[in-house]
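Subject: The structure with its ligand

Hi,

Here is the structure I promised to pass on. Please open it alongside this email and have a look as you read.

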Amino acid sequence: MSKIHAAITGIGGYVPEYILTNEELSTMVDTTDEWIMSRIGIKERRILKEENKATSDLAVKAIEQLLEKTNTKPEEIDLLICATVTPDLQFPATANIISDKLGLVNAYSFDMNVGCSGFVFALNTASKHIEAGANKKVIVVGAEKMSSIVDYTDRNTCAIFGDGAGAVLVEPSTEGVGVLDTILGIDGAGRKHLHQKAGGSLKPASHKTVDAREHYIYQEGQPVFKLAVTKMADVSVEIMKNNNLSTEDIAWLVPHQANMRIIDATANRMGLKDRTKVMINIQKYGNTTAATIPLCLLDYEKQIKKGDKIILAAFGAGFSWGAIYLKWAY
Ligand code: UT7
């Protein structure tokens, strides 16, 4: 019997309606459209404004679309993995809340907290479950309400992030398509440059932590930028080498959408001069953390062909980084 690979067989996504433009941001902090476009490459981002709505609500909308597009019933799903750094609650897992809201009665589920690399790590985990024969219909969703941890008085971070969710259905295939190789890495020492100071067991929430604005993203942009450029490029080049792939072989690079300059550096290091092969939607959604890669796949879905060789690449909090080489299944 030919080897079982885990193939993406559908994509769904959702972004909230509210558009936060660079013009509106420049009324909130000392910034300009020109600075944000030239240093990051983001024009606007989506924000979940409705009260009492959370990350799970974004994920539910993305998965509803996915189930409809793939003609799948909620009870057919046997595993749901949610990649997020903005869970609805400290516990239980947001994946369990999503399962409850959608009626995934035959699935077990869990969250993965791997920052902007979350989708790549979660897709790898899903593919191992499928290759082992343990699961047949797995949903991987990257979902984030980043606006819940962004400090809109801090110009260093508030222009970067947006809200959204992207989900894929993953199923076994013996046609030689699906996830063919993965490289993952982490460096926990990088946490000093990118973290949320309070709200965990180290520093539980208190009046003091709220007054000190410690429940927001803390990021030192430059060290994160430097390592993101190196690691995302390195891991993408390494996965090409491991699989004897030339730039001509690659149909698509799907990079995490953190900064246009990081995307450019990665494509350059891979020798991908043809930028039409690089999926980019950072200008309209910003950095939606674990949701960027599936939201990109959704935007470009109609252009992807069966058998296309695709590299997914990410870098984020942790530090964490990873690349997946896959062949498109439909
Ligand atoms: O996905 C998770 C991983 N995160 C990332 O990949 C983010 C990586 N880092 C970056 O993308 C960039 O470092 C940033 C976009 C965050 C910052 O860009 P930069 O070119 O590294 O700028 P910088 O931090 O070196 O700051 C340069 C100047 C500073 O002013 P001074 O000190 O030179 O007077 C900043 O205060 O730009 C200033 N600045 C801004 N000015 C206008 C920072 N943010 C803004 C802003 N508008 N929004």
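Below is what turned up, starting with the ligand and moving on to the domains and the backbone.

A word on the source: this is a predicted model, so local features need pLDDT of at least 70 and side-chain atom pairs count only at pLDDT 80 or more, while totals for chains, interfaces and linings use all residues. Residues are numbered from 1 along each chain as its sequence is written, and side-chain values use heavy atoms, with hydrogens and water left out.

**The ligand**

The ligand is surrounded by 20 residues, counted as near if one of their heavy atoms lies within 4 Å of it. The closest are T31, R39, Q222, N259 and N287. On its own the ligand exposes 940 Å², and the protein buries 75% of that (Shrake-Rupley method, 1.4 Å probe).

Helices α2 (33-39), α7 (221-242) and α8 (260-270) each give two or more residues to this shell, and α7 gives the most, with four. Helices here are DSSP runs of H or I with at least four residues, strands are runs of E with at least two, and both are numbered from the N terminus. By type, the shell holds eight nonpolar, eight polar and four charged residues; Ala, Val, Leu, Ile, Met, Phe, Trp, Tyr, Cys and Pro count as nonpolar, Asp, Glu, Lys and Arg as charged, and the others, Gly among them, as polar.

**The two domains**

The domain assignment gives domain 1 (5-176) and domain 2 (180-327), with bounds from an automatic or database assignment. Each of them supplies at least three residues to the ligand shell. Their C-alpha centres lie 14 Å apart, and 51 residues of domain 1 are in contact with 47 of domain 2 (heavy atoms within 4.5 Å). Between them the domains bury about 3800 Å², 63% of it on carbon and sulfur atoms; this is the accessible area (1.4 Å probe) lost on putting the two together, summed over both. In domain 1, I11, C116 and V120 lose the most area to domain 2.

**The backbone**

Most peptide bonds are trans, and most residues other than glycine have a negative phi. Here, cis bonds join F91 to P92 (omega about 0°) and G318 to F319 (omega about -10°). P92 lies in the loop between β4 (79-83) and α4 (94-102). R213 has a positive phi of about 55°.

Best wishes
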